[in-house]
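The following paragraphs lead through the model shown below, from its strands to its backbone details and its chain contact.

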Amino acid sequence: MYRSNVLVCGGTGCTSSHSLLIAEKLKEELKAKGLDKEVNVITTGCFGLCALGPIMVVYPEGSFYSMVKVEDVPEIVEEHLNKGRIVTRLLYQETVENDTIKSLNKTAFYEKQHRVALRNCGVIDPEKIDDYIANDGYAALGKVLTEMTPEQVIQTMLDSGLRGRGGAGFPTGLKWKFAAGNDADQKYVCCNADEGDPGAFMDRSVLEGDPHVVLEAMAIAGYAIGASQGYIYVRAEYPIAVKRLQIAIDQAHEYGLLGEDIFGTGFNFDIKLRLGAGAFVCGEETALMTSIEGKRGEPRPRPPFPAVKGLYRKPTILNNVETYANIPQIILKGADWFASMGTEKSKGTKVFALGGKINHTGLVEVPMGTTLRTIVEEIGGGIPNGKKFKAAQTGGPSGGCIPAEHLDVPIDYDNLIAIGSMMGSGGLIVMDEDNCMVDIAKFFLEFTVDESCGKCTPCRIGTKRLLEMLDKITKGQGTMEMLDEMEDLCNYIKANSLCGLGQTAPNPVLSTLRYFKDEYIAHVVDHKCPAGVCKDLLEFRIEKDKCFGCGMCAKKCPVGAITVTDYTAPGKKKPAYEIDTTKCIKCGACIATCKFNAVFKG
Amino acid sequence: MKSLAELQAIRDRARAQIELRQENPNAAKVLVGMATCGIAAGARPVLNAFTEEIAKRGLTKDVTVTQTGCIGICQYEPVVEVEVPGQEKVTYVKVAPEMVPRIVNDHLVNHNVVTEYTIGAIK
């Protein structure tokens, strides 16, 4: 029995800042001090507060160490784990208040969160099935197989009001009901772990922190619809997730929780991994299934829907990782418990990957209906450097921008659609006054142009033409007619594309046109980029009356565009400098260097 | 896995370790003095004895065992403080591993302070 547990975050964020080296060093130090039988070192999944990684939490005290370095490990071992003196300087400073240490759950970042899908992330060792079982893992599968009929399982899902967390928000129970209603000799259960939105890492964190929950939920789905085979389609760019999933599958086999005659009920279920090569379109359900079959990942028209003809032309259900992560708890705690969270039409919680201009970059899970303001200002800790909130982008390349005027809208599927964005899988990128909305629209469109599979014309050519127009606008070559033309083209692409990729690709353009038309007009009419992002519209200049003539900017300028003039401002001792705009490459080094704020762009 | 009972057995076995990772504000606290004086007087085996005994009795959720620094009565080390919520803190002195099962049983389970081990019993 260990007296103390040290949890080291092994999520992707912390791993990239060497948390695994920290775990190694910890084990080494503990062994050297003879504490390795008393203190247990566990590598967990993501804690969510990625901005402060690498993260280490010591229980039973619950001390939350942030930004730990390998060099800090001997001090933590000697002071804290050996002598019981918490190393206050390394604690997450929000947990330290008037010399007392408060619980992590009382900090602004965690207090408003409600962890359902992420409940095991940062708690269990994802590579140990016993840890998962200790937290009631596989109990839901046991309950379903021994106490419930498939119809009851589906009814529970319907009653819970769970909707697909991949973005579209289709009721999960309904999907299962359709698949269960189709007779076939073979049916399939698939898991969409092909998370592709830029800046989104919710599914990745669930897979890395709690892989067994996905396996358990897929087996439950298999029982409900009458399938014996499952596939997880996960992108190969998630090596940690792939590794932990494979370990989890092997362990579940060893315990007989996958395979034949599970719990002695005669129910058979097996799961195979399929690695995706990272094509964004393969996150679309029909393309994903085509890819599992070993063919080129391209979508096909629906109907027939996958519940009728899916993988290998058999009835198939496909759910997202986060959807699955909710299911075992719905079974154990009941549909009413789940339906008690959230809004009228969107039940439960939603995980968001917070990114962009925000202090607490990381992973948060909040009940549906939480306002954007709560997420950004309270949980997210606001915007760095006192800048002003401009917009939040949800739904990645399929979503839109939510301006400041809608900060108080309760977030759920339907409200987001109503304000021109969408839930998407949960990426939430915060933008401040330094972000140019035309540039943002261009960024996402570049992504969809790259990722369009090319099968249908509206998407392949339409998005390309749209991008060309945006590009012209950011170069100051746009016209007012072009804005109207763009809007028409957007609506055409939406209406005519084959799959979700094309149907949603114009959303970033449409929503920025809707809320930030003045910025587009500034680019087109005034040839100015108000946020100072679009390089072609920028000009750098030195305000000569503010220039002290120190010459720092001239030294930093990589192209030698800054030279001294013969003008000395009143009250200054040295002559001012000026920028030769024909040589200037607009890198911004001069602005960053000037101590007197004498350099301006615009 | 052929039965729910098997799953339950694994769950119970693994439960104690997980419970250590959940904060319970109402848990009783066992604080073992682990400054240099405490360690020199043999506090480490005492600390481990508490951990073992509490796990054995399935109390990991209700009792947290942690270290604390020197509380200034070095001649009486190993010193152990037991705080049961709603009751006054009790200080046990010169604690040896053999005394631990009784403290856990009498004090933490049955709420009877083991008076003869406390600092008040010292003559």
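**Parallel strands in chain A**

Strands S7(A) and S8(A) run parallel and are joined by six bridges; strands pair if DSSP finds at least two bridges between them. Helices (H or I, at least four residues) and strands (E, at least two) are DSSP runs, numbered from the N terminus. The model is predicted: local features need pLDDT of at least 70, side-chain atom pairs count only at pLDDT 80 or more, and totals for chains, interfaces and linings use all residues. Residues are numbered from 1 along each chain as its sequence is written, while chains are lettered from A and ligands numbered from 1 in the order in which they are written.

Within the pairing of S7(A) and S8(A), A:Cys191 stands opposite A:Ile232 of S8(A). Strand S8 of chain A spans residues 229-235, and seven of its seven residues are buried, so the strand is largely enclosed by the rest of the structure. A residue is buried if 20 or more other C-beta atoms lie within 10 Å of its own, exposed if 12 or fewer, and partly exposed in between, with C-beta atoms placed from the backbone. In a regular strand the side chains alternate between the two faces of the sheet. From S8(A), A:Gln229, A:Tyr231, A:Tyr233 and A:Arg235 point one way, and A:Gly230, A:Ile232 and A:Val234 point the other way.

S8(A) also pairs in the parallel sense with strand S10 (residues 267-276) of chain A, over seven bridges. There A:Gly230 stands opposite A:Ile271 in S10(A).

Strand S7 (residues 188-193) of chain A likewise has a parallel pairing with S11(A), over five bridges, and A:Tyr188 is placed opposite A:Thr316 in S11(A). Five of the five residues of strand S11 (residues 316-320) of chain A are buried, so S11(A) is largely enclosed by the rest of the structure. A:Thr316, A:Leu318 and A:Asn320 point one way from this strand, whereas A:Ile317 and A:Asn319 point the other way.

**A buried helix residue**

Helix H18 (residues 457-474) of chain A contains A:Ile473. This residue is buried, with 26 other C-beta atoms within 10 Å. A:Ile473 and A:Val438 are 35 residues apart in sequence, yet 8.1 Å apart in space, C-alpha to C-alpha. Leaving aside residues up to four places away in sequence, A:Ile473 touches A:Val438, A:Gly478, A:Met482, A:Tyr520, A:His523 and A:Val524; contact requires that the C-beta atoms of two residues, placed from the backbone, lie within 7 Å.

**Backbone features in the loops**

A cis peptide bond, with omega about 10°, joins A:Tyr59 and A:Pro60. A:Pro60 lies in the loop between strand S3 (56-59) and strand S4 (63-65) of chain A. The peptide bond from A:Pro303 to A:Pro304 is also cis, with omega near 0°, and A:Pro304 belongs to the loop between helix H12 (285-292) and S11 of chain A.

A:Asp136 is not a glycine, although its phi is positive at about 65°. The loop between H5 and H6 of chain A holds A:Asp136, which is partly exposed, with 19 other C-beta atoms within 10 Å.

**The contact between the chains**

Chain A contributes 32 residues and chain B 28 residues to the contact. On the side of chain A that touches chain B, strand S1 (4-9), helix H5 (129-134) and helix H6 (139-147) each supply at least two residues. H5(A) gives the most to this side, with four residues.
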